[in-house]
Amino acid sequence: MGSRGSHAARIPDADSIRRETGFSQASLLRLYHRFRALDRNKKGYLSRMDLQQIGALAVNPLGDRIIDSFFPDGNLRVDFPGFVRVLAHFRPVDDDDSSMRDPKEPEPLNSRMNKLRFAFQLYDLDRDGKISRHEMLQVLRLMVGVQVTEEQLESIADRTVQEADEDGDGAVSFLEFTKEMLWCPACIFSLGCAGVVCSQHMGVNCTEGFHLCFQ
Amino acid sequence: MEGAELAGKILSTWLTLVLGLILLPSAFGVSLGISEIYMKILVKTLEWATIRIEKGVPKESVLKNSASVGIIQRDESPMEKGLSGLRGRDFELSDVFYFSKKGLEAIVEDEVTQRFSSEELVSWNLLTRTNINFQYISLRLTMVWVLGVIVRYCVLLPLRVTLAFIGISLLVIGTTLVGQLPDGSLKNWLSELVHLTCCRICVRALSGTIHYHNKQYRPQKGGICVANHTSPIDVLILTTDGCYAMVGQVHGGLMGIIQRAMVKACPHVWFERSEMKDRHLVTKRLKEHIADKKKLPILIFPEGTCINNTSVMMFKKGSFEIGGTIHPVAIKYNPQFGDAFWNSSKYNMVSYLLRMMTSWAIVCDVWYMPPMSREEGEDAVQFANRVKSAIAVQGGLTELPWDGGLKRAKVKDTFKEEQQKNYSKMIVGNGSL
């Protein structure tokens, strides 16, 4: 009771989460409230169904894949630290990361590499480190639904894998994936996020756009 | 004995005060100005509290000015722009970025769930329930808060409960008595008087201050009145300024008693639960009601559920298929003095009423709007959307296309198919295979 409203104490391990993810105190608090709001039965963790009940997520063609990224390794539950860890990938890139960072510290979750890893695992369904043609087809199918024929989809998948595949093994490894991504001709001037994204590319071929502006 | 006598004296003085200062003026629709003075003092105190908080708190912790600011700044560009569809493009591996970003945005904050939690306030209004982000500031502020608690729970609450009790009993007794009379203009006049008096008493029971705008557009007989829904109190607020015929399900318990009593005095439309499922039956009965020009206008809330008063959600088309003139009404509550939103999954009716009665006051604006009818070539859905926009604009609320029932049910697949269609058009439709 009283006018004491600071609830950081209620978030377990708030300090270590903050260090690991880089969220500000205020953002963390709001995400905690969001976590609690999604956890309808007050279990203390989120299940797949809690996320599936979000309307805008259920209509997202990649909704299931996104939900999968919260439950790695066959887990059935995600607690608050796990929840925030996934969201931390979407913090804007810190521009001073490469030169001034202490190399002994683990890479921040919102670095370009980690963002690309996140995108990679949306494709790599079996988590074997390679995107096979079959996996590519499956993700494509999710994005287009029933609107495109099997032949058209196969030719798109074949073309994409061929373009990206350098060592000829018929699959796209993470390294090959990053080479496709990091090349962004308009992005030579790397812009930090102050609500400004790479104005020419707005999210394509450019991890600058792969972030949410947490305020 | 002494104690009992004393208690008896206090009770009787209390009741006479209540009678004199509140009940009689309500019956005649006259205001003594006590609530205005109360509101002025309240506003001054809250302003003082806000200034204290702003002085005491470092800059970053103060919430931004827009009360419904979200956790993230959303990128609302449509799919074509988000995927850089300026040229006819093929599938790129990075397309997945767009969808995952949209998906994560929805996880962090989605429009629908947001509308079902109470609006966040920019400055604290000395109620613990709105105290999410504020920290301890000063002793004086805490003292004022404690004083506030005492005033609210020990002075206002008993007064309000008494009033509510009196109001409801008067309503039941009054309408039953009036119901005994034969049909005629006297009966109608008396029933109006009873309804209005009891509603005014109940509004005082909540310390409600209501401003009515554009009274010339008040709904007329034989029309349908349509409003946005925030809480069960909406009904009270509208009926204080005019009599309506209500539509709803028959309940049991106290609500059922009130319903049965009210229907004796003037014709409301109550349905059994089984009848509600039959849409044709419902439409037929409502049509019959408005066809009779002498009957009171029907009051309907087309959203179907309580929304938190920052937005207007999809209007169900059923009410707009009946025909007749629609009189839209916009209701906007001022959350500074008390949050009227009923979060039915969080609070049941009794705890909701208790929260209402221990808030400072319920302040709201009601705008009556010019009547609208369905135009040629417009179907019910388009008409519903037109009315919805008008209400949203008038009340200063945002407009959402989503169905309020989404908080309970799963969303339809058609929305997903639409997105898939858009995307397919981009990567295949441009013939760039």
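Predicted model: local features only at pLDDT ≥ 70, side-chain atom pairs only at ≥ 80, totals over all residues.
Figure 1. Arg127(A) belongs to the loop between H8 and strand E1 (130–132) of chain A. Its phi is positive, about 55°, although Arg127(A) is not a glycine.

**Figure 2. Asn309(B), a loop residue of chain B with positive phi.** Asn309(B) sits in the loop that runs between strand E6 (298–300) and E7 of chain B. The phi of Asn309(B) is near 70°, which is positive in a residue other than glycine. With a relative accessibility of 4%, Asn309(B) counts as buried, since buried means under 20%.

**Figure 3. Contact between helix H8 of chain A and helix H4 of chain B.** The view shows helix H8 (residues 112–123) of chain A and helix H4 (residues 95–108) of chain B, whose axes come within 11 Å and cross at roughly 100°. The two helices, H8(A) and H4(B), are therefore roughly perpendicular to each other, as angles of 65 to 115 degrees are classed that way. On the side of H8(A), the contact is made by Leu116(A), Phe118(A), Ala119(A), Leu122(A) and Tyr123(A). H4(B) contributes Val96(B), Phe97(B), Ser100(B) and Leu104(B). By class, the residues of this contact of H8(A) with H4(B) are eight nonpolar, one polar and no charged.

**Figure 4. Packing of helices H1 and H6 within chain A.** Helix H1 (residues 14–21) and helix H6 (residues 80–88), both of chain A, have axes 10 Å apart and pack at an angle of about 20°. That angle makes H1(A) roughly parallel to H6(A), because angles under 35 degrees count as roughly parallel. The crossing of H1(A) and H6(A) is right-handed. From H1(A), the residues Ile17(A), Glu20(A) and Thr21(A) take part in the contact. They meet Phe80(A), Pro81(A), Val84(A), Arg85(A) and Ala88(A) of H6(A). The contact of H1(A) with H6(A) consists of five nonpolar, one polar and two charged residues.

**Figure 5. Gln25(A) in helix H2 of chain A.** Gln25(A) is placed in helix H2 (residues 25–38) of chain A. Its relative accessibility is 30%, so Gln25(A) counts as partly exposed. Gln25(A) and Asp15(A) are ten residues apart in sequence, and their C-alpha atoms are 9.1 Å apart in space.

**Figure 6. Helix H13 of chain B and what covers it.** H13 of chain B takes in residues 380–395, and at 1.5 Å a residue its 16 residues should span 22 Å. The C-alpha atoms at its ends are 22 Å apart, which agrees. The buried residues of H13(B) are Ala380(B), Phe383(B), Ala384(B), Val387(B), Lys388(B), Ala390(B), Ile391(B), Ala392(B) and Gly395(B). An α-helix has 3.6 residues a turn, so residues three or four places apart point the same way. Several strands of chain B are included in what covers the buried residues of H13(B): E3 (224–227), E7 (311–312), E8 (326–334), E9 (362–368) and E10 (398–399). After H13(B) comes Gly396(B), with a positive phi near 70°.

**Figure 7. Cys198(B) in helix H7 of chain B.** Cys198(B) is part of helix H7 (residues 185–205) of chain B. Cys198(B) counts as buried, with 4% relative accessibility. Leaving aside residues up to four places away in sequence, Cys198(B) touches Gly167(B), Leu170(B) and Leu171(B). Cys198(B) and Ile168(B) are 30 residues apart in sequence, with 7.0 Å between their C-alpha atoms.

**Figure 8. Lys264(B) in helix H9 of chain B.** Lys264(B) is found in helix H9 (residues 253–265) of chain B. The relative accessible area of Lys264(B) is 42%, and the residue is partly exposed. Not counting residues up to four places away in sequence, Lys264(B) touches Thr175(B), Thr176(B), Gly179(B) and Lys187(B). Thr175(B) and Lys264(B) are 89 residues apart in sequence, while their C-alpha atoms are 6.6 Å apart in space.

Key:
Residues numbered from 1 in each chain as written. Chains lettered and ligands numbered in written order. Heavy atoms only, no water. Helix = DSSP H or I, 4+ residues; strand = E, 2+ residues; numbered from the N terminus. Expected span 1.5 Å × (residues − 1). Buried < 20%, exposed > 50% of the residue type's maximum accessible area, 1.4 Å probe, protein only. Contact = heavy atoms within 4.5 Å. Axes fitted to C-alpha atoms, helices over the stretch in contact; angles between N-to-C directions. Parallel < 35°, antiparallel > 145°, perpendicular 65-115°, else oblique. Nonpolar A, V, L, I, M, F, W, Y, C, P; charged D, E, K, R; others polar. Left-handed = near helix turned anticlockwise from the far one by under 90°.
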